[in-house]
Amino acid sequence: GAEPTEGGMVGANPGGARFLRYADVRRNLLSIEMVSSAADGAVLNLGRDCWKQNDSVDLKQLAVGTGGAMGIVTAATLALQPRPAHAVTALLALGDVMALDRLLVTFGRDWGMLLAAFGGMSPAAYEAALHHVPRLRRPFPVDAGHQYFLLLELSAGAAFDGAMLEDALAGTISPFMEGDGAPVLGVAVDHHDGLWAVYLHFAQKMS
């Protein structure tokens with residue numbers, strides 16, 4: 001939401017909404033060029049542009065998440081991932097916020113690395129995002145007993161298609177919608193960016 005520079009990302013070590021799938025900057029950082037904060041202001045080149053590095057101490061990690069205390073990062077090499085061929089997004093309206101842990105464990109067990117995003121927002125944040133950007137589609141009505149909203153994304157390569165991902169989503173969520181006191185009160189599904197727009201406008205207001 002903040003659109004930082006690469007050096008700023010190294011200093012802050014963010015993970016983003018798809019942290020479960022792609023991890024944080026530390027996990028994807030291959031090498032950096034840094035002007036040291038020491039008195040001599042030496043230019044340091046730390047790391048190498050390859051994924052596996054176990055031949056020496058990984059000194060570039062000293063700069064990650066330190067907010068620039070070790071120096072100013074002037075260049076960085078980051079590992080990239082291919083864009084998924086297919087993705088499906090769901091926004092779940094929860095009647096019991098205490099079910100989040102159980103949902104995360106179940107989704108992680110059933111979907112593994114297909115689970116790309118797992119993020120939430122309170123009803124107040126949900127309403128604030130929709131009020132702030134009136135053009136956003138409202139997935140659920142106002143004040144329907146919702147305690148929390150949970151955004152999920154499943155994504156995969158060309159061996160899967162959208163229908164397969166949606167079937168996987170439905171099969172795992174359905175048991176959480178059955179019986180009295182079911183934790184999931186409603187589900188909105190999207191193959192585009194409509195549900196992400198609600199979540200990202202919430203994140204921008206919070207940043």
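This briefing covers the overall build of one protein chain and then a few of its residues. The model is predicted. The protein chain has 207 residues, and 37% of them count as buried. Its secondary structure comes to seven helices and seven strands.

**Overall build**

- From the N terminus on, the elements run α-α-α-β-β-β-β-α-β-α-β-α-β-α.
- The C-alpha trace spans about 65 × 40 × 30 Å along its principal axes.
- Take the contacts between residues at least 6 apart in sequence: 75% of them join residues at least 24 apart.

**Surface and charge**

- The accessible surface of the protein chain comes to about 11,400 Å².
- Carbon and sulfur atoms account for 56% of that surface.
- The chain carries 14 positive and 21 negative side chains.
- The centres of these two sets lie 3 Å apart.

**Aromatic residues**

- The structure holds six aromatic pairs.
- One of them joins Phe-107 and Trp-111, whose ring centres are 4.6 Å apart. Their planes meet at 10°, so the pair is stacked; the cut-off for stacking is under 30 degrees.
- Phe-107 and Trp-111 both belong to helix α4, which covers residues 100-111. They are separated by about one helical turn, because they sit four residues apart in that helix.
- Phe-107 has 0% relative accessibility, so it counts as buried.
- Trp-111 also counts as buried, at 6% relative accessibility.
- Phe-107 pairs with Phe-176 as well, with ring centres 6.2 Å apart. Here the planes stand at 70°, so this pair is edge-to-face; that label needs an angle over 60 degrees.
- Phe-176 lies in the loop between α6 (162-173) and β7 (184-190), while Phe-107 lies in helix α4. The pair therefore ties together parts that are 69 residues apart in sequence.
- Both Phe-107 and Phe-176 are buried.
- Phe-107, Trp-111, Phe-118 and Phe-176 form one aromatic cluster.

**Ser-36 in strand β1**

- Ser-36 lies in strand β1, which covers residues 29-36.
- Its relative accessibility is 15%, so Ser-36 counts as buried. The limit for buried is under 20%.
- The side chain of Ser-36 reaches the backbone nitrogen of Ala-38 at 3.0 Å.
- Leaving aside residues up to four places away in sequence, Ser-36 touches Gly-41, Ala-42, Leu-44, Met-70 and Gly-71.

**Residues with positive phi**

- Most residues other than glycine have a negative phi.
- Asn-13 has a positive phi of about 55°, although it is not a glycine.
- Asn-13 lies in the loop between α1 (6-12) and α2 (19-22).
- With 17% relative accessibility, Asn-13 counts as buried.
- Ala-23 is not a glycine either, and its phi is positive, near 65°.
- Ala-23 is found in the loop between α2 and α3 (25-28).
- Ala-23 has a relative accessible area of 24%, so it is partly exposed. That class lies between the limits of 20% and 50%.

Notes
Residues are numbered from 1 along each chain as its sequence is written. This is a predicted model: local features need pLDDT of at least 70, side-chain atom pairs count only at pLDDT 80 or more; totals for chains, interfaces and linings use all residues. Side-chain values use heavy atoms; hydrogens and water are left out. Helices (H or I, at least four residues) and strands (E, at least two) are DSSP runs, numbered from the N terminus. Buried means under 20% relative accessible area, exposed over 50%, partly exposed in between (1.4 Å probe, protein chains only). A polar contact is a pair of N or O atoms within 3.5 Å; within protein, one must be able to donate a hydrogen and the other to accept it, and residues adjacent in sequence count only if both atoms are side-chain atoms. Contact means heavy atoms within 4.5 Å. Accessible areas come from the Shrake-Rupley method with a 1.4 Å probe; for residues, only the protein chains shown count as cover. Lys and Arg count as positive and Asp and Glu as negative; His and the chain ends are not counted. The place of a charge is taken as NZ of Lys, CZ of Arg, CG of Asp or CD of Glu. Rings of Phe, Tyr and Trp (its six-membered ring) pair if their centres lie within 6.5 Å; planes under 30 degrees apart count as stacked, over 60 as edge-to-face and the rest as tilted.
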